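The sequence and the structure come first.

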Amino acid sequence: MIVIAEKYQGYVAIPRSVQVLPIWGNAYDTALWLYCVLHASHRPYGELRPGQFYASQAQIAVELHWTRKTVGTALQRLAGKALLDVKTSGKGTVITVAHWDEISSGRGFAESEMPVQPYADAYEEEPLWESR
């Protein structure tokens with residue numbers, strides 16, 4: 001019998017409108033954003049609000065099989081695109097997924113609610129990987 005840890009139970013409705021976000025053309029940005037959405041708390045938990053979770057770059061790097069530098073760079077890009085907020089304190093790093101209500105409701109983003117310019121207008125050619 002396979003036992004699934006509680007943090008891996010449940011589901012997240014990913015709206016199809018994420019395909020127009022500026023992360024869609026970059027595999028690293030998309031993977032990290034999905035990682036954050038899947039790890040975010042869906043309800044208040046201690047000091048965390050819905051859409052937030054504690055993490056470290058080292059932990060994310062291990063789980064995604066990336067280098068720590070790759071994680072840091074991708075976190076900076078997503079924060080710069082206003083899709084994540086990353087705050088470090090004495091208790092650790094809190095990552096907040098922006099627009100959590102739209103994402104968790106499954107209704108997606110209407111054009112007037114787009115947090116950033118659409119993918120087609122914002123994508124810049126970036127290297128897909130770096131050597132370890």
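The protein contains five helices and three strands, and the coordinates are those of a predicted model. Read from the N terminus, the order of the elements is α-β-α-α-β-β-α-α.

Totals for the protein are as follows.

| Item | Value |
|---|---|
| Share of the 132 residues that count as buried | 38% |
| Accessible surface | about 8500 Å² |
| Share of the accessible surface that belongs to carbon and sulfur atoms | 54% |
| Share of contacts between residues at least 6 apart in sequence that join residues at least 24 apart | 62% |

**Helix packing**

How are helix 1 and helix 3 oriented to each other? Helix 3 spans residues 68-80, and its axis and that of helix 1 are 10 Å apart, at an angle of about 85°. Angles of 65 to 115 degrees count as roughly perpendicular, so the term applies to helix 1 and helix 3. Helix 1 contributes Tyr 28, Asp 29, Leu 32 and Trp 33 to the contact, while helix 3 contributes Thr 70, Val 71, Ala 74, Leu 75, Arg 77 and Leu 78.

**Surface patch**

Helix 1, residues 27-39, also holds Leu 38. The relative accessible area of Leu 38 is 52%. Exposed means over 50%, so Leu 38 is exposed. Together with Ile 14 and Leu 34, Leu 38 makes up a nonpolar patch on the surface. The accessible area of Ile 14, Leu 34 and Leu 38 together is about 230 Å².

Definitions and conventions. Residues are numbered from 1 along each chain as its sequence is written. This is a predicted model: local features need pLDDT of at least 70, side-chain atom pairs count only at pLDDT 80 or more; totals for chains, interfaces and linings use all residues. Side-chain values use heavy atoms; hydrogens and water are left out. Patches are made of residues with over 30% relative accessible area and no salt bridge: like charges are joined within 9 Å, nonpolar side chains (Val, Leu, Ile, Met, Phe, Trp, Tyr) within 5 Å. Accessible areas come from the Shrake-Rupley method with a 1.4 Å probe; for residues, only the protein chains shown count as cover. A salt bridge is a side-chain nitrogen of Lys or Arg within 4 Å of a carboxyl oxygen of Asp or Glu. Helices (H or I, at least four residues) and strands (E, at least two) are DSSP runs, numbered from the N terminus. Buried means under 20% relative accessible area, exposed over 50%, partly exposed in between (1.4 Å probe, protein chains only). Contact means heavy atoms within 4.5 Å. Axes are lines fitted to C-alpha atoms, for helices over the stretch in contact, and angles run from 0 to 180 degrees between N-to-C directions. Angles under 35 degrees count as roughly parallel, over 145 as roughly antiparallel, 65 to 115 as roughly perpendicular and the rest as oblique.
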